[in-house]
Amino acid sequence: MSKNAFYFFMLDWQRRQQRRGETFNSLKDVAADPRCSEEWKNISPQEKGIYIAKAKDSKIKAQGSMSKKTTIGEDLSEVELNAKKEQEFQQKMLQYIDSVVSMGLLHNSIFTKIKIYIYTCKLVLQKGNRN
């Protein structure tokens, strides 16, 4: 059943009837009750406006939640964006290491700084293994 204005009216009508002691197995039973339909036909346009607004809000919320999700409920586009950022970070780090090593070789100072490079590589690899 789509969540139109009548749907939200039926929910309110069902609550009112339940407070009076009536029970319904489902909204299908509520929709089949002629009293509900009759009351819907007779309510004022202002009252119907309340239910129309609820239906519009529901539709907007439903459209917002239509994005693809992972099996654990994460927004897939967000997961892909984070993976892309991580990949870019690793590529930039490798480029940086390569440029530092190249500069060291040019200036013959590579052997004095080798411990720093190994430590930097180790940090990059450890960060990659955590993800």
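## Asp33 and Arg35

A salt bridge is a side-chain nitrogen of Lys or Arg within 4 Å of a carboxyl oxygen of Asp or Glu. In this predicted model, Asp33 forms one with Arg35. Their closest N and O atoms are 2.8 Å apart. Side chains of opposite charge can pair when their charged atoms come close.

Asp33 has a relative accessible area of 13%, so Asp33 is buried. Arg35 reaches 40% and counts as partly exposed. A search of the whole structure finds 5 salt bridges.

## Helix H1

Helix H1 covers residues 5-19, 15 residues in total. At 1.5 Å a residue, H1 should span 21 Å. The C-alpha atoms at its ends are 22 Å apart, which agrees.

Both ends have a local feature to check. At the start of H1, a side-chain oxygen of Asn4 comes to within 3.2 Å of the backbone nitrogen of Phe6. Just after H1, Gly21 adopts a positive phi of about 105°.

Which residues of H1 are buried? They are Ala5, Tyr7, Phe8, Phe9, Met10, Leu11, Asp12, Trp13, Gln14 and Gln17.

## From H1 to H4

Asp12 and Lys54 meet through their side chains in a salt bridge, at 3.5 Å from N to O. The pair links distant parts of the chain: Lys54 sits in helix H4 (residues 45-64) and Asp12 in helix H1, 42 residues apart.

Is Asp12 buried or exposed? Its relative accessibility is 15%, so Asp12 counts as buried. The cut-off for buried is under 20%. Lys54 is partly exposed, with a relative accessible area of 33%.

Arg15 also belongs to this group. Asp12, Arg15 and Lys54 are linked in a network of salt bridges.

## From H1 to H3

The side chains of Arg16 and Glu39 meet in a salt bridge, 2.6 Å from N to O. Arg16 lies in helix H1 and Glu39 in helix H3 (residues 34-42), so the pair ties together parts that are 23 residues apart in sequence.

How exposed are the two partners? Glu39 has 29% relative accessibility and counts as partly exposed. Arg16 is partly exposed too, with a relative accessible area of 25%.

## Summary

Technical notes: Residues numbered from 1 in each chain as written. Predicted model: local features only at pLDDT ≥ 70, side-chain atom pairs only at ≥ 80, totals over all residues. Heavy atoms only, no water. Helix = DSSP H or I, 4+ residues; strand = E, 2+ residues; numbered from the N terminus. Expected span 1.5 Å × (residues − 1). Buried < 20%, exposed > 50% of the residue type's maximum accessible area, 1.4 Å probe, protein only. Polar contact = N/O pair within 3.5 Å; in protein donor to acceptor, adjacent residues only side chain to side chain.
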